[in-house]
Amino acid sequence: MKINKDYLNLSENYLFSEIASRVKKYSAEHPDKEIIRLGIGDVTKPLATPIMDALEKAVFEMGKKETFRGYAPDRGYEFLRNAIADVDYRKRGCEISPDEIFVSDGAKSDCGNIQEIFDKDNVVAVTDPVYPVYADTNVMAGRKIVYMPCTKDNGFVPELPAEKVDILYLCFPNNPTGAVITKENLQKFVDYARKNDSVIIYDAAYEAYITEPGIPHSIYECEGAREVAIELHSFSKNAGFTGLRLGYAVVPKALVKEGVSLNALWARRHATKYNGAPYIVQRAGEAVYSMEGMKAVQKQVQEYMENATLIRNALTDMGYEVYGGVNAPYIWLKVPGEMGSWEFFDLLLNKANVVGTPGEGFGKCGEGYFRLTAFGDKNDTIRAMQRLKEL
Ligand code: MLT
């Protein structure tokens with residue numbers, strides 16, 4: 001028996017598990033301290049009423065012989081895929097059909113699993129800093145990874161890779177920096193992929209947080225993207241499904257490599273390894289696209305963005321250099337002086353009892369930066385800023 005030695009190339013702990021374990025240890029040693037958590041991007045608002053109503057109704061359906069449902073269809077129920085194709089794509093002028101949509105238990109699973117349909121010898125490009133799942137899952141698979149630095153000099157938007165790469169992961173609005181990409185810049189990546197026979201995995205988990213006009217909500221707004229891009233979406237950040245679990249991947253039929261349809265490959269993988277998101281959760285997901293659902297979800301997003309503004313303003317007043325938080329629920333700040341980002345994490349935890357995420361956890365270029373999330377409770381966010389002021 002031999003283990004997969006590629007796993008030994010991973011850092012010892014997953015970033016958010018490492019943070020959770022440091023916080024747990026601190027709490028155990030200081031049971032009297034009240035900790036405010038602005039670290040992991042987990043939502044704090046309960047599910048909106050139209051979503052809860054749909055969920056409840058579906059739960060009762062499951063308890064009656066006439067309306068009970070067993071295994072869900074491999075790609076997800078049509079009622080949900082139709083709603084996604086209509087609202088997220090057709091209404092935005094993008095041509096995506098329901099049979100190009102694969103419903104899943106979340107974008108994290110999809111961005112971790114999608115690499116399975118690609119050969120081990122592909123070279124993968126990820127940004128630095130990066131949401132660790134893109135890099136870690138490719139390390140597990142033994143692929144070569146190249147990094148596209150995102151610094152304040154390039155506005156945290158990467159340059160095109162200098163060498164030829166086969167797979168590129170992009171996430172905009174970005175986790176962790178909160179940066180966005182213009183349509184013109186995104187088109188350059190699409191053109192690069194078309195020229196180099198590459199595939200782009202585009203993580204659009206935070207698109208609901210775009211507040212400024214003219215910023216692309218989907219990579220399919222770019223010309224030719226259907227031939228080179230897979231797009232991932234989450235219901236976690238816009239509608240609060242972090243605990244329910246729901247997401248979807250778009251694999252266009254025009255995406256054909258070596259004569260093979262990636263839509264067909266992903267369908268095969270999905271059918272073999274996945275039995276579908278629960279019926280009740282897909283019904284809750286459908287409610288996100290109803291008129292009342294959209295209104296409720298938009299209100300929650302707006303409220304989180306008020307936290308983002310609050311954090312941005314407070315930090316700016318304190319003299320911090322601040323990025324993000326305008327079209328994204330993440331605020332990316334430069335840590336003071338020469339302090340390391342884990343050092344700043346410890347300082348905040350110990351002296352202010354506030355948890356954030358050290359930039360270095362997202363990659364080398366994240367060193368010297370720190371991420372705060374706008375997903376906290378409003379009063380907690382205000383109190384956290386007050387504690388930072390008193391540091
Ligand atoms: C984050 O904090 O970066 C995200 O919540 C992680 C995730 O969505 O898995």
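A residue counts as buried under 20% relative accessible area, as exposed over 50%, and as partly exposed in between (1.4 Å probe, protein chains only). In this predicted model, local features need pLDDT of at least 70 and side-chain atom pairs count only at pLDDT 80 or more, while totals for chains, interfaces and linings use all residues. Residues are numbered from 1 along each chain as its sequence is written, and side-chain values use heavy atoms, leaving out hydrogens and water.

**Strand S6**

- Strands (E, at least two residues) and helices (H or I, at least four) are DSSP runs, numbered from the N terminus.
- Strand S6 (residues 199-203) is largely enclosed by the rest of the structure, because 5 of its 5 residues are buried.
- Val199, Ile201 and Asp203 point one way from S6, while Ile200 and Tyr202 point the other way.

**Neighbours of S6**

- Two strands pair if DSSP finds at least two bridges between them.
- Strand S5 (residues 167-171) runs parallel to S6, joined by 5 bridges, and Leu168 stands opposite Ile200.
- Strand S7 (residues 229-234) also runs parallel to S6, joined by 4 bridges, and Ile201 stands opposite Ile230.

**Aromatic rings**

- The structure holds 24 aromatic pairs, meaning rings of Phe, Tyr and Trp (its six-membered ring) with centres within 6.5 Å; planes under 30 degrees apart are stacked, over 60 edge-to-face, and the rest tilted.
- Tyr206 and Tyr330 form an edge-to-face pair, 5.2 Å centre to centre with 65° between the planes.
- Tyr206 lies in the loop between S6 and S7 and Tyr330 in strand S12 (residues 330-334), 124 residues apart; both are buried.
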